[in-house]
Amino acid sequence: MHAIHIILGKQVISASLEDSPATRDLISQLPLSIDLADYSAKEKIAYLPHKLDTSGAPAGIDPDVGDVTYYAPWGNLAIFYRDFGYSVGLIKLGSITNGLEHLGYSGSRQAIIKLAPAKK
């Protein structure tokens, strides 16, 4: 498991990522400065500099609220703050562990995604 922080100004969202080729690929791109935009009033999305390695990933998932995912067809990160149904091409990377309430804004905001400091 890997821990990341998604920083929106002074607000910090924490997430735990599963170990997979896609998450290792995402971690190799960190830190990232991204535009985290609202999509369909259900998720926040951001386009990554490079597509992630999806080898071994399932065909799709039915995400839960708080899931951090990757939508392979578009090459974007998607963080769900409302319920959504099964989607082909959606890959779960991990889950928000703290700060989900900070995703309730409309429009888009600049965010920084980085590895969380190691716990002592």
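A search of the whole structure turns up 3 salt bridges, a salt bridge being a side-chain nitrogen of Lys or Arg within 4 Å of a carboxyl oxygen of Asp or Glu. Before we visit them, some housekeeping: this is a predicted model, where local features need pLDDT of at least 70 and side-chain atom pairs count only at pLDDT 80 or more, while totals for chains, interfaces and linings use all residues. Residues are numbered from 1 along each chain as its sequence is written, and side-chain values use heavy atoms, with hydrogens and water left out.

Let's start with Arg 24 and Asp 19, whose closest N and O atoms are 2.8 Å apart. I'll call a residue buried under 20% relative accessible area, exposed over 50%, and partly exposed in between, using a 1.4 Å probe and protein chains only. Arg 24 is partly exposed because its relative accessibility is 43%, and Asp 19 is exposed at 52%.

Next, Lys 44 pairs with Asp 38, with 2.7 Å between the closest N and O atoms. Is Lys 44 buried or exposed? Lys 44 is buried, because its relative accessible area is 0%.

The salt bridge between Asp 67 and Lys 92 has its closest N and O atoms 3.4 Å apart. That pair links distant parts of the chain, with Asp 67 in strand β6 (residues 67-71) and Lys 92 in strand β9 (residues 90-98), 25 residues apart. Strands here are DSSP runs of E, at least two residues long, numbered from the N terminus. Asp 67 is buried at 4%, and Lys 92 is partly exposed at 27%.

Take β3 as our example. Strand β3 (residues 32-39) holds Tyr 39. On one partner, β10 (residues 108-115), β3 has 6 bridges and runs antiparallel, with Leu 36 opposite Arg 109. With β4 (residues 43-47), β3 pairs antiparallel over 3 bridges, and here Tyr 39 faces Glu 43. β3 and β4 make a hairpin with 3 residues between them, where Ser 40 in the turn has a positive phi of about 60 degrees.

And back to Tyr 39: this residue is partly exposed, at 35% relative accessible area.

Conventions. Helix = DSSP H or I, 4+ residues; strand = E, 2+ residues; numbered from the N terminus. Pairing = 2+ DSSP bridges.
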